[in-house]
Amino acid sequence: MSRKADKLRDRFVYPGERLAVIEELLDGSGAYQQGGVVRSAELGRASFDLEKREVRIAKRTRELILPREGLDIVGEVGAVQKRMANVDIFMIDGREIAVPFTGVIHISSVGDHLRDMGMAVRGGDIVKARIINTKNRIIQLSIGGAGYGVVYAFCSRCGATLERQKTGLNCPRCGRIERRKVARTYGVEELG
């Protein structure tokens, strides 16, 4: 093995950095071969496996979690208007994200034939939704279907967490009964 490989052991390497020549080692995960030279494809720590004769890079940067069509999200409802609601997304595909995205639920993607979005969600509710469109940098969400909708709701009078009853969502503190488009996992959804 070359002196270069000995020097890189237990050191951070940068994308594009030369690690070895193809005659010495093959490119493993996190590395690539270009013109007979093995280079790093990631920012991370280089490890050299002499038995398999390959170099691998242990990635040191976090994977970006971006909203894509078809993924499930969990978020907090913000402003609710007559025909739409804004959602601050804090989980995508079961993984927490560092910086929240904002999504929009249109009344047509609720599933029920409603005239007012306030009958499906209210500000402060935690919802589980599916991303249905990301074009034009607008994340459009749907809460149609039994698996999607409000997973935690709070009383609009006293702020207590609402409990699911047969008649609707009941406030254990003040007795108020409220209506929402509730998901099958109401009250038991894992929030990370």
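1. Strand β10 (residues 95-106) and strand β12 (residues 139-142) run parallel and are joined by three bridges, where two strands are said to pair if DSSP finds at least two bridges between them. Strands here are DSSP runs of E with at least two residues, and helices are runs of H or I with at least four residues, both numbered from the N terminus. Within this pairing, Ile105 stands opposite Leu141 in β12.

2. On the basis of the model: this is a predicted model, in which local features need pLDDT of at least 70 and side-chain atom pairs count only at pLDDT 80 or more, while totals for chains, interfaces and linings use all residues. Residues are numbered from 1 along each chain as its sequence is written, and side-chain values use heavy atoms, with hydrogens and water left out.

3. Strand β12 also pairs with strand β11 (residues 126-133), in the antiparallel sense and over three bridges.

4. Is Ser142 buried or exposed? Ser142 is buried because its relative accessible area is 14%, the classes being buried under 20%, exposed over 50% and partly exposed in between, with a 1.4 Å probe and protein chains only. The C-alpha atoms of Ser142 and Ile131 are 6.5 Å apart in space, with 11 residues of separation in sequence. Leaving aside residues up to four places away in sequence, Ser142 touches Ser109, Ala129, Arg130, Ile132 and Tyr148, where contact means heavy atoms within 4.5 Å.

5. Val150 is placed in strand β13 (residues 149-152), and it counts as buried because its relative accessibility is 0%. Which residues does Val150 touch, not counting those up to four places away in sequence? They are Ala120, Val121, Asp125, Ile126, Val127, Arg180, Lys181, Val182, Ala183 and Tyr186. For Ala183, the C-alpha to C-alpha distance from Val150 is 5.5 Å, although the two residues are 33 residues apart in sequence.

6. An open sheet is formed by three strands in the order β14-β15-β16, with antiparallel pairing. Its edge strands are β14 (163-165) and β16 (177-178), each of which pairs on one side only. Strand β15 (residues 168-170) is joined to β16 by two bridges, and these strands run antiparallel; the bridge partner of Leu169 in β16 is Glu178.

7. Another hairpin is formed by β4 and β5, with two residues between the strands. Strand β4 (residues 31-34) and strand β5 (residues 37-40) run antiparallel and are joined by four bridges, and the bridge partner of Gln34 in β5 is Val37. Gly35, in the turn, has a positive phi of about 60 degrees.

8. Most residues other than glycine have a negative phi. Arg53, in the loop between β6 (44-49) and β7 (54-59), has a positive phi near 55 degrees, and it counts as partly exposed because its relative accessibility is 41%. Asp93, which lies in the loop between β9 (84-92) and β10, likewise has a positive phi near 55 degrees; Asp93 counts as partly exposed because its relative accessibility is 44%.

9. For the protein as a whole, the secondary structure comes to one helix and 16 strands. The radius of gyration is 25 Å, whereas a compact globule of 192 residues would have one near 16 Å; the radius is taken over C-alpha atoms, and the globule rule is 2.2 Å times the number of residues to the power 0.38. The C-alpha trace spans about 75 × 35 × 25 Å along its principal axes.

10. Buried residues make up 40% of the 192 residues, and among contacts between residues at least 6 apart in sequence, 50% join residues at least 24 apart. The protein exposes about 11,300 Å², of which carbon and sulfur atoms supply 48%, the areas coming from the Shrake-Rupley method with a 1.4 Å probe.

11. The protein has 33 positive and 24 negative side chains, and the centres of the two sets lie 5 Å apart. In this count Lys and Arg are positive and Asp and Glu negative, while His and the chain ends are not counted; the place of a charge is taken as NZ of Lys, CZ of Arg, CG of Asp or CD of Glu.
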